[in-house]
Amino acid sequence: MPASPSTARAINDRLALRLLQQQGPLTAGQLKQLTGLSRPTVADLVERLTAAGLITVVGEAGEQRRGPNARLYGIVADRAHLAALDVRTGGVFVLVSDLVGRVLAEASVPIGGDTGTGPAVEQAVATVERTAKEAGADRLHTVGIGAPGLVDPATGDLRDSGGLPAWHRSLAAALQERLSGARVTVENETNLAALAEQREGAARDRETFVLLWLGHGVGAAVVLDGTLRRGASGGTGEIGFLPVPGTTSLPSAGDCDGGFHSLAGAAAIGALAADCGLPVPAAMDGPGAAEVLRAAVAELAGQESGSAAVPAGEPGTPRPEEESAAGTVPPKAARPAGRFLHALADRIALGAASVVAVLDPGCVVLGGEAGQAGGAVLAGLVQDRLRRMSPLLTEVRASTLGGAAVLRGALLTARDRAQEELFARP
């Protein structure tokens, strides 16, 4: 059945607004060209959206083009303000943006493990309020929260998860109460990271992929045919609980120790690096694991550039796989950085191979702080192992957003939901 006039107008309005969001300010002529609508229809929708306070004239296309079509129309950015939160076990990162996603203010607050639920929530909420004030926002329209743990698909609330601070579960309700009228949503942090990598990062050309999060803990997010899959209980991707060889026990319902987490979490990465003779920072969290990986990759790169001065196979030089009692430099993989990276790739491939065998995503992105720090070197090593372990061709890529992907994903989600509501009004 053909759309009614009112439905057609709504569809046209949403299409124009999406184009303005994606491409920035456009003239009426450019809107006509991109939408395929007639000139009178475009003129009507421009008038309608302007009257609704959603778009406005933000400039001109050029001095050589005069008249109505030379006006550049853009979304009214301050029509709504948004907040994004990355909630960690040790604190909260906050940013506030306008409706088109331009960041206006950022802040963070550490929250100690011995802080009670009430004081911890108050610190987090106060940080959001202070950041909004700094951004010049009278009120927040939508708040997106990324947090570790399971999000109940029926209620949208964080479920009680062992090992995570209790204040995490109270934060959304407190924000909803204090920020009167704001829409507050919670999503698993790894899912938000996958959304950001798909929209702005390493998976922009992929409709199907798996993000393997490597940070303080491990997790996975599954995107199939462009859609994020959460599972019946919201637990898709809880790969830290995956039983794998190489651990001393099995995971339990309340503790992922003994699962893949024990091989690839930050503490495990630090222990492996120390065993290989590499220096390890005192705090082995996500940033600590990233520091270890960056140093190992840099050391390996230095070894490669240094060894290039003596071509392999020259008379009097040993073969790469040999070591001599006289102290000949051992092969790259036998040195501390090489041993560490190869051993870590072996571990990561165990978890990735299980996911690949079930889902056949074609692409695995190594996300989180550690995944980004390992870069193409670690991704290449993991890909080599997967090719030997699985008949399913899988490309492995390094994250381009790293730990910042959670906050970016929370902002993208908040922006989408705010625009969904506001753009439907005309």
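This is a short chat about a predicted model of a protein.

Me: How many helices and strands are there in the protein?
Reply: The protein has 12 helices and 13 strands.

Me: And what share of the residues counts as buried?
Reply: Of its 426 residues, 47% are buried.

Me: Take contacts between residues at least 6 apart in sequence. What percentage join residues at least 24 apart?
Reply: The figure is 63%.

Me: On to the sheet. What's the strand order in the open sheet of 5 strands?
Reply: The order is E11-E10-E9-E12-E13. The pairing is mixed.

Me: Which are the edge strands?
Reply: Strand E11 (227-229) and strand E13 (395-398).

Me: What does the twist average from one strand to the next?
Reply: The average is 25°.

Me: In which sense do E9 and E12 pair, parallel or antiparallel?
Reply: Parallel, over 4 bridges. Strand E9 covers residues 209-214 and strand E12 covers residues 363-367.

Me: Which residue in E12 does Leu212 stand opposite?
Reply: Leu212 faces Leu366 there.

Me: What holds paired strands together in general?
Reply: Strands of a sheet pair through backbone hydrogen bonds, in either the parallel or the antiparallel sense.

Me: Switching to helices. How do the axes of H6 and H12 cross?
Reply: At roughly 80°. The axes come within 7 Å. H6 spans residues 189-200, and H12 spans residues 405-423.

Me: What does that make H6 relative to H12?
Reply: Roughly perpendicular, because angles of 65 to 115 degrees count that way.

Me: Which residues meet in that pair?
Reply: From H6, the list includes Glu189, Leu192, Leu195 and Arg199. On the H12 side, Val406, Arg408, Leu412 and Asp416 are among them.

Me: How do the residues of that contact divide by type?
Reply: There are 8 nonpolar, 2 polar and 7 charged residues in the contact of H6 with H12.

Me: New topic: Asp86. Where is that residue found?
Reply: Asp86 lies in strand E4, residues 81-88.

Me: Does Asp86 count as buried or exposed?
Reply: Buried. Its relative accessibility is 2%, and the cut-off for buried is under 20%.

Me: What does the side chain of Asp86 make a polar contact with?
Reply: The partner is the side chain of Arg88, at 2.8 Å.

Me: Leaving aside neighbours within four places in sequence, which residues is Asp86 in contact with?
Reply: Gly91, Val92, Phe93, Gly146, Glu189, Gly403, Val406 and Leu407. Glu189 also sits in H6 and Val406 in H12, and both are part of the contact between those helices.

Methods: Residues numbered from 1 in each chain as written. Predicted model: local features only at pLDDT ≥ 70, side-chain atom pairs only at ≥ 80, totals over all residues. Heavy atoms only, no water. Axes fitted to C-alpha atoms, helices over the stretch in contact; angles between N-to-C directions. Helix = DSSP H or I, 4+ residues; strand = E, 2+ residues; numbered from the N terminus. Parallel < 35°, antiparallel > 145°, perpendicular 65-115°, else oblique. Contact = heavy atoms within 4.5 Å. Nonpolar A, V, L, I, M, F, W, Y, C, P; charged D, E, K, R; others polar. Pairing = 2+ DSSP bridges. Buried < 20%, exposed > 50% of the residue type's maximum accessible area, 1.4 Å probe, protein only. Polar contact = N/O pair within 3.5 Å; in protein donor to acceptor, adjacent residues only side chain to side chain.
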